[in-house]
Amino acid sequence: MKEKFFVEIAGVRLGIVSEEGKEYVESVASAVNERINKMLRSQRNCSLVEASIFCAMDFYSTGAGDSRRLKNLEAQIALYQANVNRLKKENEELRAKLAENN
């Protein structure tokens, strides 16, 4: 069930509607807040909007890379499963032939 939570990120109070629990929403907000504030401290000429955009791009880029890796792993697992199924069938056939010969 979706719930509404209020968090503060970079001094901006936001209402977030999520199916995730309060702890999760707060942990994500905390990570984003920390990342934006770190950028604002390290880049004195960086505005809040610029820092937010850079952080959004970084988070999206990381997520997109993770999605690509996940798809590759899923494809590898499917290939491995097909090989396992083929080997099981081959094993059964060989066992049947062995049983016929004995």
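Ile 53 counts as partly exposed because its relative accessibility is 46%; the class lies between buried, under 20% relative accessible area, and exposed, over 50%, for a 1.4 Å probe and protein chains only. Good morning, colleagues. What we have before us is a predicted model, in which local features need pLDDT of at least 70 and side-chain atom pairs count only at pLDDT 80 or more, while totals for chains, interfaces and linings use all residues. Residues are numbered from 1 along each chain as its sequence is written, and side-chain values use heavy atoms, with hydrogens and water left out.

Ile 53 belongs to helix H2, residues 48–101; a helix here is a DSSP run of H or I with at least four residues, numbered from the N terminus. Together with Val 49, Phe 54 and Met 57, Ile 53 makes a nonpolar surface patch of about 420 Å².

I turn now to the cysteines. A disulfide is a covalent bond between the sulfur atoms of two cysteines. The search of the whole structure finds 0 of them, the criterion being a pair of cysteine sulfur atoms within 2.5 Å. Cys 46 is in no disulfide, and the nearest cysteine sulfur, in Cys 55, is 8.1 Å away.

Finally, the charged end of Arg 35 sits over the ring of Phe 59, 4.9 Å from the ring centre; the rule asks for CZ of Arg or NZ of Lys within 6 Å of the ring centre and within 35 degrees of the ring normal.

Key. Patch = residues over 30% accessible without salt bridge, like charges linked within 9 Å, V, L, I, M, F, W, Y side chains within 5 Å. Areas by Shrake-Rupley, 256 points an atom, 1.4 Å probe, with all protein chains shown as cover. Salt bridge = Lys/Arg side-chain N within 4 Å of Asp/Glu carboxyl O. Helix = DSSP H or I, 4+ residues; strand = E, 2+ residues; numbered from the N terminus.
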